[in-house]
Amino acid sequence: MSGSKKLLWLMLAAFLPAVMAAEYDSCARPEAVWATWDQGHGRSYAYGAVQSDENIYVVGRAHGNLSLGTVHRNGTFTDHSGTQPDPFTLSTLTFSHHDADTCCIISGGPNGTGCCDNGQNPATTQHGMDVVLYTLDEDGAPKSVYFVDTMPVDGITNGISNKDPAKGGSVNGGSGGFSFFGAIDSFEKAGNAEHVVIAGRHRGRLSFPLSNGTLVHFDNAKFGERANGWGYNAVVAKIDLGNNGLAWVTSGGMMDEKVRSSAEAVATTAAGHVIAVGELQGDDGGQFIVKFDGADGKVVWTETYPELDHLYGMDSVDENIYVTGQFKGNGTEAFGLGNLISLCDAGEGSDAVVFAIDAGGADGPAFTWMTQIGCGQGASVEFSSSGTDGEYLYIAGSLSEGATTVTATPEPTSGQGACTLTGKHGGYLAKIHKDDGKCVWAKDTPNSLRAVSDGDSVWAANYGNNAVIYDGNHRVTPNGPNAEKDMFVAKYRADDGTAYWASAVGGIGNEQLYDMTMTSERPML
């Protein structure tokens, strides 16, 4: 999440369990265990996080310099200088700054004043937008940071938006380089807990450090203008964070030289493979699903589906991949599941869906089932084992108002689940079987961007600057004044979806939610 001024990486908060009797008991509140933020000069964001063994890995981006610090519930503060005891005040803290190796720092000096050739402000310029991978311990204390420098391919940062070399403009256009990595997963399933994979899009030159400090340059020389979708290419990279070095980086199977592409979600498998999904624009475009060899990044297979859209959430179990997004079709057999028709507007609209594929083969994805929710957008799918109760997926997203029944294809051997929704609150939360997509329970909720579970409880979250209606008796308003954005988190029982509580999380300024993940003990925003 991001704030409005320097508090722009208030990124993680962990919550203790809470127990109440009635649904959405407004007296209950989550309790923060720790919170981590950036107080460096410039601007920064955290977009995704994953816990792997004893570490938490966070991917984001930073302009200028980055200085993470963590406040713990016991009153202590931790940054790279160590832990400072209670009591502390912000005016007495010492921060260790990690400068992004960009023109903003080279040209501007230690305070980051001035940037690049025209003296741009490092807090707002696109030049110097570095990819950041931060390693935290389980208590949120910063341990190490890995930077990927982002610049134009030719290094020209004069802001001239013209392809004519005589004008002195960059090959990447006046906006120069750009990078956004919003997805992350670890290779813990395959036995490499310190290896992670990140996915996103970029334009210009990405400079990845190897473990010995040598830089590997990865170039995209497309021109940055609206005519070709700002020139982005999808990109996936594997990083060894145990040694802070690049393993491999690729845009293979995800790009076309004439159009924009972007990787939106990524997952690893137990065999060490990498699956990425995202969008390829253009007349022959659609949503791609690509498999990489996790050892070297080579493309194993790639497929593109124009019937799918906005594939934003993904999880994996063994070689099975679960993806959520949208499906639109009026009689398609593209997935090998029979003649599929979207529930929304009798095949003319787009359904929120989640589907399963077997990614273990060498020839392409094998779809095993698809569950349709109704007119809307799937945003989150999370696997969780609830012990003796079985193994399930928890899914969430947005839903238009209108009666709908959650439907799995092919029909489960035990029949469809009795799950109906109305869309009256703008979203849904549901529990489904991972083996066949059968619905166990579904609940009308506000639109949710992420949902996670520990098998006993489910947490769903979103953000906004307006009051959120959870049911006829429960309405949660932002904490800050002047319609500032807050995050909204609700907790539910995993066995039947009964709500425990819902609460706004945030204060003065804007707080936005980009990801939520389960740690070994609690959810983390």
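Analyst: We shall go through salt bridges, a charged patch and a set of paired strands in turn. This is a predicted model, in which local features need pLDDT of at least 70 and side-chain atom pairs count only at pLDDT 80 or more, while totals for chains, interfaces and linings use all residues. Residues are numbered from 1 along each chain as its sequence is written, and side-chain values use heavy atoms, with hydrogens and water left out.

User: What is a salt bridge, and how many does the count come to?

Analyst: A salt bridge is a side-chain nitrogen of Lys or Arg within 4 Å of a carboxyl oxygen of Asp or Glu, and by this rule the count comes to ten. In one of them, Lys 189 pairs with Asp 185, with the closest N and O atoms 3.1 Å apart. Glu 391 and Lys 434 form another, at 3.4 Å between the closest N and O atoms. Because Glu 391 lies in strand E26 (residues 391-399) and Lys 434 in the loop between strand E30 (426-433) and strand E31 (439-446), this pair ties together parts that are 43 residues apart in sequence. Strands here are DSSP runs (E, at least two residues), numbered from the N terminus.

User: Which residues form the negative surface patch?

Analyst: Patches are made of residues with over 30% relative accessible area and no salt bridge, and like charges are joined within 9 Å; Asp and Glu count as negative. Here the patch consists of Asp 53, Glu 54, Glu 138, Asp 139, Glu 188 and Glu 194. Glu 54 sits in the loop between strand E3 (42-52) and strand E4 (55-66), and with 54% relative accessibility it counts as exposed.

User: Which strands does E33 pair with?

Analyst: Two strands pair if DSSP finds at least two bridges between them. E33 runs antiparallel to strand E32 (residues 450-453), joined by four bridges, and antiparallel to strand E36 (residues 486-493), joined by eight. Ser 453 has Val 458 in E33 as its bridge partner, and Gly 464 stands opposite Asp 486 in E36. Strand E33 (residues 457-464) is mostly covered, with seven of its eight residues buried.

How values were computed. Patches are made of residues with over 30% relative accessible area and no salt bridge: like charges are joined within 9 Å, nonpolar side chains (Val, Leu, Ile, Met, Phe, Trp, Tyr) within 5 Å. Accessible areas come from the Shrake-Rupley method with a 1.4 Å probe; for residues, only the protein chains shown count as cover. The place of a charge is taken as NZ of Lys, CZ of Arg, CG of Asp or CD of Glu. Buried means under 20% relative accessible area, exposed over 50%, partly exposed in between (1.4 Å probe, protein chains only).
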